[in-house]
Amino acid sequence: MKKIAYILLSILLLALLFSSCKTNNNNDSTTPIEKVENEVDEEINDNKSKLKLPDIMESGVFSTDESKNYDNDGNEIGSGTSWYTWNENIPESVESEISQLDEILYNCILNIDVDTFIKYTDEKSFSSYDKIKQLLELYNGNIKNRQNNSYLKCYAQVFYEGNFSSSLFHPESDMVLSYTGYTTEMYISLISAYDDVNESLISFVYGKQKDGWKIYYIYINDISYSGLNAIDMYEKSKELKQEGYLVPALLFQQIFNVVDTPAPFINYNSLKDSQAFYQDLYNEVSQVYSFPITLESDNEITFYNISMDPVTTGFMPIFSYTTSIEVNEENEELLNEEVYAFHEEVMGLFPGMSETFDYFLYRAYVEPPLDPNKGYAGFATLVDETKQ
């Protein structure tokens, strides 16, 4: 790259000094800038031609990044060229090795097996035994009692100056994967762990070292609820907003914010405008509604919050409110009757609720449940509109 910079500087100086002279006796109309661009293209192509690539690479894609990049600590990451391919085009020998590692590491999380996990880690990426144990304990809940299958696989060979940062786009999933080429061979394995309601994505990022493949990074986050991923929820939210159903639209957009980034290095290409949409929607809802909201029919009933949870049948809004009735099992009948009495009024306050959802959960409290660090005694009443 120093050679290219030197060529660029030289050509620009010559252009300034001899701008009034005809310097090309061969009728070459190429401008100085175009010449520099051609030099860059030639050098990149020359680098590619020198690489000894297996035949399988004909099905892959080259990605070149000449810009400056920086890691989380502010250190400059070098530029370079990488080749990558997805899923079935990955060399069988590589795929076989990684599949075995995936199974080993998945079981390490499932069984919280720190000792085995450490054998396959890059020592610089995982600092201590205790932190690895905490990590496995944290992620264990995302995969326990769930089925799993491969979601997406990407294999890359990296030709770089320093650590090469690259972004790869997978059209079928709409995912953009950004990774740092810590070694000359990298592998990103995404695994789905799912049950009837929740789906989490396990991200394993491997690098090839002299003694074999090592895990450099692991991350688990929810990717879908009740069969809807971030793209589905975003489209649903836009559809509801267009119909004038502001609160249902906001509920979908809020739960969307949990699954829109499956990992810190993964984004969806089509969701670039989603945060601006969310902010506009939030502002519009704030102009219409101001919580807490007290019912006109009963000033003892005040709503403080509306949230939403995924369930086997879809999604269920949850209303948190205060009541004058003592919250205990002895008053179960009174509390249920109270909810049935005001449910229709609540549906009228928030257009689109009945049209969008079948089930509603009301949580009654004797004091506003505003402190997240405090436990509140409450009582829950379920309204099933499919039976009404």
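**View 1. Glu-185 and Lys-208, a salt bridge between two strands.** Glu-185 counts as buried, at 18% relative accessibility. In this predicted model, Glu-185 forms a salt bridge with Lys-208, and their closest N and O atoms lie 4.0 Å apart. Glu-185 belongs to strand β8 (residues 185-194) and Lys-208 to strand β9 (residues 198-209), so the pair ties together parts that are 23 residues apart in sequence. Lys-208 counts as partly exposed, with a relative accessibility of 27%.

**View 2. Glu-95 and Lys-153, a salt bridge between side chains.** The N to O distance of this salt bridge is 3.1 Å. The pair links distant parts of the chain, 58 residues apart: Glu-95 is located in helix α3 (residues 92-111) and Lys-153 in strand β5 (residues 147-160). Glu-95 counts as buried at 18% relative accessibility, and Lys-153 is likewise buried, with a relative accessible area of 17%.

**View 3. Cys-108 and Cys-154, two buried cysteines.** Cys-108 has a relative accessible area of 2% and is therefore buried, the cut-off being under 20%. Cys-154 is also buried, with a relative accessible area of 2%. A search of the whole structure finds zero disulfides.

Technical notes:
Residues are numbered from 1 along each chain as its sequence is written. This is a predicted model: local features need pLDDT of at least 70, side-chain atom pairs count only at pLDDT 80 or more; totals for chains, interfaces and linings use all residues. Side-chain values use heavy atoms; hydrogens and water are left out. A disulfide is a pair of cysteine sulfur atoms within 2.5 Å. Buried means under 20% relative accessible area, exposed over 50%, partly exposed in between (1.4 Å probe, protein chains only). Helices (H or I, at least four residues) and strands (E, at least two) are DSSP runs, numbered from the N terminus.
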